[in-house]
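Subject: Structure handover

Hello,

Here is the structure for you to look through. My notes on what was found in it follow below.

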Amino acid sequence: MTAVIETAADAAAGGAEPPRPAGRAGVVLRRFVHNRGALAGGAVLLLLFVLAFAGPLISHWDYTHIDYTALREGPDSRHWWGTNRIGQDVFAQTVRGLQKSLLIGLMVALFSTVLASLAGACAGYFGGWTDRLLMFGIDLLLVFPAFLIIAIISPRLRGGWIAFVGLLAVFGWMITARVVRSMTLSLKEREFVQAARYMGVGPFRVIWRHILPNVASFLIIDATIAVGGAVMSETALSYFGFGVQSPDVSLGTLIASTTGGAVTYPWMFFFPAGLLIVFVLAVNLAGDGLRDALDPTGGREKKNREKKNKREKSR
C-alpha cells in the first residue's frame, strides 16, 4: 500500500497523471477475454461471419451456377466441398445460406430486442392503463401458436426474406419485454429516477437516459442468445418450406434438400448441418461468457454451486 502511494506521489510530482482505473467496458472485456469458453465462442463466431461474407468472394462459383460436368461429385480442387444433385457448388451454396441465416438472425434479434425494451420499459414506467394494455397484448401474443401462424402467413408474404424477418421478430419479443417490465418497476423507485422526475425531466427522456442503460446488460445477453434462437427458427421454418423461398437459399433449405442423400452423398448434408451446429454452440458459449462478464456475481454463484455439488457427490 505504501509503495502504491509513493508511486502515485512520484508520478504527480513529475507532472504525470496517476493511472486511472479501467472503465466498465474495459472490465467487462477483460472478464470476457479471460473466459476461455467465451473467447473460443467469440472467435468461432467471427470466423463464421468472415466465411459467410468473404466466402463468395474467394469462390470460383456462384451459388446459382450449374456445372453439368460434375453432378453429385465429391470434394476436389474445382469444387472444394463437392457439388449437389444438379451440379451446383456446395461451398458457394453453403456460404450463401450461412450468410442469409446470419443476416436473418441478426435482424430478428435487433428488432425484437428494440421492441421488447421499449414495450417493457413503457409498461413498467407508466403503469396504469398503459401497463394493462401492453401486458394484455403481450399475453395475447404468447397464447398464439407462433410457429403455425408464421407457417401460414410466410408463403403469402410479398416482401421476401425482409418480411419474413419482421414476422419472426413480431413473435420473438414478449418474454424479454416482461423481464424488462419487472426490472423497470424496480428501477423507477430508485433515487436517481425519482430525482430526474422531480426535476421535470420528461418520461421518455427518463426511460432513455436512466431506465434502458440500467437494463442494457440483460438486453445485450438476451440479444446475443436471440441470434442463435432466430437462426434455429429460420432453419426449422425453411426446412419445412415456410421460410426462405427458392431460388434463394439458407441453411434450412440446404439441409432440407439434402437430407435424403445424407448417407449416400454426405458432403451435401454435413457441411450446412455442421456449420449450423457450430454456430449455435458458439453463440451459447459467447452468451454465457457475456453473462458472466456483465454479471460476475451470478457467475461466481454458479461456480460455487458446482463446487458444492462436486463435494457432496464425493462424499
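Predicted model: local features only at pLDDT ≥ 70, side-chain atom pairs only at ≥ 80, totals over all residues.

How many helices and how many strands are there in the protein chain? There are 14 helices and 0 strands.

**Confidence**

The mean pLDDT of the protein chain is 83, and 85% of the residues reach 70 or more. Residues 1–21 are a stretch to treat with care: pLDDT stays under 50 there. For this stretch the model has 1 contact beyond four places in sequence.

**The chain as a whole**

The protein chain has 315 residues, and buried residues make up 38% of them. The chain exposes about 18,000 Å², of which 65% is supplied by carbon and sulfur atoms. Take the contacts between residues at least 6 apart in sequence: 69% of them join residues at least 24 apart.

**The largest pocket**

Rolling a probe the size of a water molecule over the atoms shows where empty space is left. The largest pocket has a volume of about 440 Å³. Its lining consists of 27 residues, and those nearest the centre are Asn84, Arg85, Gln88, Gln93 and Ser257. Two or more lining residues come from each of helix 4 (90–126), helix 12 (251–258) and helix 13 (266–294). Which of the elements gives the largest share of this lining? It is helix 12, with 4 residues. By type, the lining of the largest pocket divides into 10 nonpolar, 14 polar and 3 charged residues.

Asn84, one of the residues nearest the centre of the largest pocket, is placed in the loop between helix 3 (36–58) and helix 4. Is Asn84 buried or exposed? Asn84 counts as buried because its relative accessibility is 10%, and the cut-off for buried is under 20%. Leaving aside neighbours within four places in sequence, Asn84 is in contact with Leu71, Arg72, Val90, Gln93 and Met268.

With a relative accessible area of 38%, Arg72 is partly exposed. Its backbone deserves a look: phi of Arg72 is near 55 degrees, a positive value in a residue other than glycine. Most residues other than glycine have a negative phi, and most peptide bonds are trans.

Helix 12 also holds Ala256. Ala256 counts as partly exposed because its relative accessibility is 28%. Ala256 and Phe269 are 13 residues apart along the chain, and their C-alpha atoms are separated by 8.7 Å.

**The second largest pocket**

About 360 Å³ of space lies in the second largest pocket. It is lined by 20 residues, and the closest to its centre are Leu168, Phe171, Gly172, Trp173 and Ser233. The elements that give two or more residues to this lining are helix 4, helix 6 (146–153), helix 8 (174–187) and helix 11 (216–239). Helix 11 gives the most, with 7 residues. The lining of the second largest pocket divides into 14 nonpolar, 5 polar and 1 charged.

Leu168, one of the residues closest to the centre of this pocket, is also a buried residue of helix 7 (residues 160–170). Which residues of helix 7 are buried? They are Phe164, Val165, Leu167, Leu168 and Ala169. What covers them includes helix 4, helix 6 and helix 11. Helix 4, helix 6 and helix 11 are also among the elements that line the second largest pocket.

**One more residue**

Leu134 is placed in helix 5 (residues 128–143). With a relative accessible area of 28%, Leu134 is partly exposed. Where does Leu134 make contacts, leaving aside neighbours within four places in sequence? Leu134 is in contact with Ala119, Cys122 and Ala123. The C-alpha atoms of Leu134 and Cys122 are separated by 8.6 Å, and the two residues are 12 apart along the chain.

Regards

Methods. Residues numbered from 1 in each chain as written. Heavy atoms only, no water. 1 Å grid on protein atoms, 1.4 Å probe; cavity = no way out; pocket = protein on both sides within 12 Å on 5 of 7 lines; lining within 4 Å. Points joined across faces, edges and corners; volume = space filled by probe spheres on them. Nonpolar A, V, L, I, M, F, W, Y, C, P; charged D, E, K, R; others polar. Buried < 20%, exposed > 50% of the residue type's maximum accessible area, 1.4 Å probe, protein only. Contact = heavy atoms within 4.5 Å. Areas by Shrake-Rupley, 256 points an atom, 1.4 Å probe, with all protein chains shown as cover. pLDDT = per-residue confidence, 0-100.
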